[in-house]
Amino acid sequence: MILFFGTRPGKPETKTFLNSSCSFCHQQGTLTAVSQKNYVHVFWIKLFKISTNTYAECSHCKRMYY
């Protein structure tokens, strides 16, 4: 019997911060927060979440904040 298991990322969730400014380039409303969860799967069916990666990125200067 063959058993396919492993980890894979879920869909990223994004949210734009309109009232905040980038601390590097000082542009207003360019920060976007991205959160992506990693799952354990068996036969490509998600079983449970093992970690979450969250960061913010400025769309003007491309600076990332973890």
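Two strands count as paired if DSSP finds at least two bridges between them. The strands themselves are DSSP runs of E with at least two residues, numbered from the N terminus.

A word on the model before the views: this is a predicted model, where local features need pLDDT of at least 70 and side-chain atom pairs count only at pLDDT 80 or more, while totals for chains, interfaces and linings use all residues. Residues are numbered from 1 along each chain as its sequence is written, and side-chain values use heavy atoms, with hydrogens and water left out.

**View 1. Strand 3 and its partners.** Strand 3 covers residues 31-42 and pairs with strand 1 (residues 5-9) in the antiparallel sense, over five bridges. Strand 2 (residues 13-17) also pairs with strand 3 in the antiparallel sense, again with five bridges. Then there's strand 4 (residues 45-58), which runs antiparallel to strand 3 and is joined to it by 12 bridges.

**View 2. The turn between strands 3 and 4.** These two strands form a hairpin with two residues between them. Phe-43 sits in the turn with a positive phi of about 55 degrees. Trp-44 is in the loop between strand 3 and strand 4 too, and its phi is near 65 degrees, a positive value in a residue other than glycine. Is Trp-44 buried or exposed? Trp-44 counts as exposed, at 53% relative accessibility (buried means under 20% relative accessible area, exposed over 50%, partly exposed in between, using a 1.4 Å probe and protein chains only).

**View 3. His-41 and its surroundings.** His-41 lies in strand 3 and counts as buried, because its relative accessibility is 8%. Which residues does His-41 touch, leaving aside its neighbours within four places in sequence? Among them are Phe-4, Gly-6, Arg-8 and Leu-47 (contact means heavy atoms within 4.5 Å). The His-41 side chain also reaches the backbone nitrogen of Trp-44 at 3.5 Å.

**View 4. Rings that pair up.** The structure holds three aromatic pairs. Rings of Phe, Tyr and Trp (its six-membered ring) pair if their centres lie within 6.5 Å; planes under 30 degrees apart count as stacked, over 60 as edge-to-face and the rest as tilted. Tyr-55 and Tyr-66 make a tilted pair, because their ring centres are 6.2 Å apart and their planes are at 55 degrees. This pair links distant parts of the chain, with Tyr-55 in strand 4 and Tyr-66 in the segment after strand 5 (64-65), 11 residues apart. Tyr-55 is partly exposed at 25%, while Tyr-66 is exposed at 77%. Elsewhere, ring pairs link Phe-4, Phe-43 and Trp-44 into a cluster.

**View 5. Charges over rings.** Lys-46 lies over the face of Tyr-39, at 4.8 Å from the ring centre. Arg-63 does likewise with Phe-24, at 4.4 Å from the ring centre. To count, NZ of Lys or CZ of Arg must be within 6 Å of the ring centre and within 35 degrees of the ring normal.

**View 6. How confident is the predictor?** The protein chain averages a pLDDT of 91, and 100% of the residues score at least 70 (pLDDT is the predictor's confidence in each residue, from 0 to 100). Confidence is lowest in strand 1, at a mean of 90, and highest in strand 3, at 94.

How values were computed. Helices (H or I, at least four residues) and strands (E, at least two) are DSSP runs, numbered from the N terminus. A polar contact is a pair of N or O atoms within 3.5 Å; within protein, one must be able to donate a hydrogen and the other to accept it, and residues adjacent in sequence count only if both atoms are side-chain atoms.
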